[in-house]
Amino acid sequence: MEGTGEISLADRAQIAELLARYARTLDGGDKEGFVALFAAGGSWISPIMGSFEGREEIAAWFDTYLRDHADLRGGQHRMSNVIIDAGGADRAEVWSNWILVSASGAPAPRVQVMGNYLDRLVKVEGSWLFERREIEITASE
């Protein structure tokens, strides 16, 4: 993913915070906070869990995730190797690695799944939001 133009340091910091808030709201079960990270027509795409478009569908997926994956409560999504490219005016493309560390491992936490995030972001009223978050899974239990 390569865009044109430059991303300011201030925008890079806001994008880094968006990624951190994604992990915090998902791991903390904060549906309202999670959904607010997506643009109105944003999409969340997973090869395992499906594709969801718009805040209403993403919110419904979030409820299902919490219900069906109680074993992941207390786990942590960790992102690294973040690359941010300009994607045009008020747009960015972001690539990152991620892992999900499960707290339910015996005798210690374990990496349950890992992969890459492929993100398209849009800046709306001064805030960066996910226009599209696509998940690639590279390894899982």
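**View 1. G88 in the loop between β3 and β4.** G88 counts as partly exposed because its relative accessibility is 31%. Buried means under 20% relative accessible area, exposed over 50%, and partly exposed in between, with a 1.4 Å probe and protein chains only. The model is predicted: local features need pLDDT of at least 70, side-chain atom pairs count only at pLDDT 80 or more, and totals for chains, interfaces and linings use all residues. Residues are numbered from 1 along each chain as its sequence is written, and side-chain values use heavy atoms, with hydrogens and water left out. G88 and S8 are 80 residues apart along the chain; their C-alpha atoms are separated by 13 Å.

**View 2. The open sheet of six strands.** The order is β2-β1-β6-β5-β4-β3, and the pairing is mixed. The edge strands, β2 (50-53) and β3 (76-86), each pair on one side only. Helices (H or I, at least four residues) and strands (E, at least two) are DSSP runs, numbered from the N terminus. Two strands pair if DSSP finds at least two bridges between them.

View 3. V124 stands opposite S127 in β6. The hairpin of β5 and β6 has two residues between the strands, and E125 takes a positive phi near 50° there.

**View 4. Helix α1 and the residue after it.** The 20 residues of α1 should span 28 Å at 1.5 Å a residue, and the end C-alpha atoms are 28 Å apart, so the two agree. The expected span is 1.5 Å times one less than the number of residues. Buried residues of α1 include D11, I15, L18 and Y22. G29 follows α1 with a positive phi near 70°.

**View 5. Lining of the largest pocket.** Of 20 lining residues, M49, Y65, W98, L100 and V113 lie nearest the centre. On a 1 Å grid over the protein atoms alone, a pocket is an open set of points where a 1.4 Å probe fits, with protein on both sides within 12 Å along at least five of seven lines; lining residues have an atom within 4 Å of a point. The lining divides into 14 nonpolar, five polar and one charged. Elements that each supply at least two lining residues include α1 (9-28), α3 (54-68) and β4 (91-102).

Key. Nonpolar A, V, L, I, M, F, W, Y, C, P; charged D, E, K, R; others polar.
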